[in-house]
Amino acid sequence: MWVARATPLGGALKMQRLLYCSRSLLDPKQAAGEISVIVSESTRRNGARGISGALISTNRFFAQALEGDAGCIDQLMQNICRDPRHQQVTVVHSDNINMRRFAGWEMAYRGDADYINTRIKALLGARTSSDTADAVQHIYDLMVEFAKPQPSLTQFSALPNVVVSP
Amino acid sequence: MKGALNQNAVGAVRTRPSLNLMKVEQSTLTPSDQASGIGLNFEPIELLARQLCNVEFAAVCLVSDDNHVVLSGSAREGSHASAAETFGSTAIHHSGPIQFNEVNRAPRPPSTSFDGAPLFCFRAGIPVMGTKGVPIGALCVFNVQPRAKSLSKSELQSLQILAAQVETLITQQQAIADSEGRLMRLEEQAEELLRVAEHDPLTALPNRALSSARLNRAVARSIQDQTRFALIIKGEGKTDHICGLPEPLRSGVR
């Protein structure tokens, strides 16, 4: 949960968390190689700027969460918007933060799950932020879960059954 | 070293007022014992004390949290221990260095030491003061036979320096114990906060936050592993009020 994962931000800089979605223009056959380049560049560049976050990439869409100094993120977003490997770059959420949810920058998911495509497509098509609040939160939650080490089957099955309070 | 003192003893020996000795294994030490310095290895200091003062035995005596005197190091076991503890109690509560050199008294056989009387003809001690100015132990040296001379001024100064080292070690141990205690309390508070955040205060049942977190985990894993999972919700009434269920999943509810 939030409390356990959050990491304090240092200094008095204005910190921001942002989530954008976009449509991929990568050829699915060559996407794997391109994504490797993106991951390599992003890990190096974002680490140097103190930017944390996570990237989801499918054959059709991108979704990326970014956290860090607002100025650095703004500058990064300008570069991202100019990147020819995607289009319809849409910032679906942006807010000032005091705590990070992501310890570093990670490639959270690479695949073509319908579940992910459906949610990103819905975010790109939404008209107001109130329509997307739950969906944005769900994408953040999934990114955090994707970035976590996978529990073994034993650990997973050992979780107690959840009984939801009425 | 020869005689009854066991250099290889593991753990501390706690002496009760009755002078019965009891072994305390390291794993059974309480946090307050550890904060008192019990469990620390003082043998290097004791070795130096023996060499500098040219005596047979050296021991660090500590006051435990429950006001018992605990022997450490080379005086942990054996028939000399009770005599060392007896003198240690005296040295701890003395205002400064103390020494006795009974040149005219023959040493008693070990069997007579259980009455608490001094076994050693020569014994000297330096109190170890805590940060609050309260005595927390003493560094003591012993000889079964009397020494030709009492400890010189320079030998006493050396002993005082070693006693200061004992104090430093204990102070560091207390700081570590304090930090560990604070960390433990913070972890407990974090766990409690998480429990409160994830459970209904009235029924103590998991709430929406916990069910959402578990569901997110299951969804994420099924996507990554390309596997399926089942969510079983048991209850009465409509299913459209189910908390925290992502919309794509709601359509699959039967």
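Does Phe87(B), at 5% relative accessibility, count as buried or exposed, and what surrounds this ring?

1. Phe87(B) is buried, at 5% relative accessibility. Buried means under 20% relative accessible area, exposed over 50%, and partly exposed in between, with a 1.4 Å probe and protein chains only. Its ring pairs with that of Phe100(B): the centres are 6.2 Å apart and the planes stand at 80 degrees, so the pair is edge-to-face. Phe100(B) is partly exposed, with a relative accessible area of 35%.

2. The model is predicted: local features need pLDDT of at least 70, side-chain atom pairs count only at pLDDT 80 or more, and totals for chains, interfaces and linings use all residues. Residues are numbered from 1 along each chain as its sequence is written, chains are lettered from A and ligands numbered from 1 in the order written, and side-chain values use heavy atoms, without hydrogens and water.

3. The whole structure has five aromatic pairs over all chains. Rings of Phe, Tyr and Trp (its six-membered ring) pair if their centres lie within 6.5 Å; planes under 30 degrees apart are stacked, over 60 edge-to-face, the rest tilted. Phe57(B) and Phe120(B) have centres 5.6 Å apart and planes at 55 degrees, so this pair is tilted. Both Phe57(B) and Phe120(B) are buried.

4. Ring pairs join Phe57(B), Phe87(B), Phe100(B), Phe120(B) and Phe142(B) into a cluster.

5. Two arginines lie over ring faces. Arg17(A) is 5.9 Å from the ring centre of Tyr140(A). Arg147(B) is 5.2 Å from that of Phe122(B). The test: NZ of Lys or CZ of Arg within 6 Å of the ring centre and within 35 degrees of the ring normal.
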